[in-house]
Amino acid sequence: MAGEPDANCLFCKIVAGEVPATVVLETETTVAFRDINPQAPTHVLVIPRAHYPDAVSLAEGAPLIAADLLATAGVVAEREKVADTGYRIVLNTGAGAGQTVFHVHAHVLAGRGLEWPPG
Ligand code: AMP
Ligand code: ZN
């Protein structure tokens, strides 16, 4: 069922504490942790505790948690001291766009020049 844990999902396992992660922030509805393969000096992933495969299914199924996800990304940016200089929130959606983990996650990227348009 939408929002329920998926036993085969890596990020559900991180939420459950079954897979270790470098957690930087936790809220009632979200968890933020450092990406294992950082693409920038700041590269944090923000996920909802609830399992939704992508950003749109989260927005449709749990819009308040979708808002929490973005708010948590903003707090992460403040704590990482990149809020003033700027950061990018990326929500890869679908394998063709580079999504490899199908538990929605917002990448918070900063600390280097970020090209536009993105690759
Ligand atoms: P995406 O390609 O948008 O689905 O992003 C998945 C991200 O998860 C990649 O940037 C990976 O480096 C990251 N990742 C995969 N496994 C882990 C893990 N165990 N802990 C932290 N980040 C991970
Ligand atoms: Zn999951």
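Modeller: Start with a pair of strands. E3 and E5 are joined by five bridges and run antiparallel. Bear in mind that this is a predicted model.

Biologist: What makes E3 and E5 a pair?

Modeller: Two strands pair if there are at least two bridges between them. E3 and E5 have five bridges, so they meet the definition of a pair. One example is His43, whose bridge partner in E5 is Leu109.

Biologist: How do you know that E2 pairs with E3?

Modeller: The test is again at least two bridges. Five bridges join E2 to E3 (residues 42-48), and the two run antiparallel. Ala32 has Val46 as its bridge partner in E3. Arg34 has Val44.

Biologist: And what joins E1 to E2?

Modeller: Three bridges join E1 (residues 23-26) to E2, again antiparallel. The cut-off is at least two, so E1 and E2 count as a pair. Leu25 has Ala32 as its bridge partner in E2. E1 and E2 form a hairpin, with three residues between them.

Biologist: Is E3 mostly covered or mostly open?

Modeller: Mostly covered: seven of its seven residues are buried. Buried means under 20% relative accessible area. E2 (residues 30-34) is mostly covered too, with four of its five residues buried.

Biologist: Which way do the E3 residues point?

Modeller: Thr42, Val44, Val46 and Pro48 point one way from E3. His43, Leu45 and Ile47 point the other way. Why the two sets? In a regular strand the side chains alternate between the two faces of the sheet.

Biologist: Which residues have the most contacts inside the largest nonpolar core?

Modeller: Val46, Leu58 and Val76, in a core of 17 residues. Two or more residues come from each of E3, helix H2 (55-61), helix H3 (63-79) and E5. H3 gives the most, with five residues. A second, separate core has nine residues, including Ile14, Val31, Leu45 and Ile47.

Biologist: What does Val46 touch, beyond its neighbours within four places in sequence?

Modeller: Among its contacts are Ala32, Leu69, Val76 and Val108.

Biologist: Why is Leu91 called partly exposed?

Modeller: Its relative accessible area is 33%. Buried is under 20% and exposed is over 50%, so a value in between is partly exposed. Leu91 lies in the loop between E4 (88-90) and E5 (106-110).

Biologist: Which residues form a nonpolar patch with Leu91?

Modeller: Leu70, Tyr87 and Ile89. Together with Leu91 they have about 310 Å² of accessible area on the surface. A patch residue needs over 30% relative accessible area, and Leu91 has 33%.

How values were computed. Residues numbered from 1 in each chain as written. Chains lettered and ligands numbered in written order. Predicted model: local features only at pLDDT ≥ 70, side-chain atom pairs only at ≥ 80, totals over all residues. Heavy atoms only, no water. Patch = residues over 30% accessible without salt bridge, like charges linked within 9 Å, V, L, I, M, F, W, Y side chains within 5 Å. Areas by Shrake-Rupley, 256 points an atom, 1.4 Å probe, with all protein chains shown as cover. Salt bridge = Lys/Arg side-chain N within 4 Å of Asp/Glu carboxyl O. Buried < 20%, exposed > 50% of the residue type's maximum accessible area, 1.4 Å probe, protein only. Core = buried A, V, L, I, M, F, W, Y, C linked by side-chain atoms within 4.5 Å. Contact = heavy atoms within 4.5 Å.
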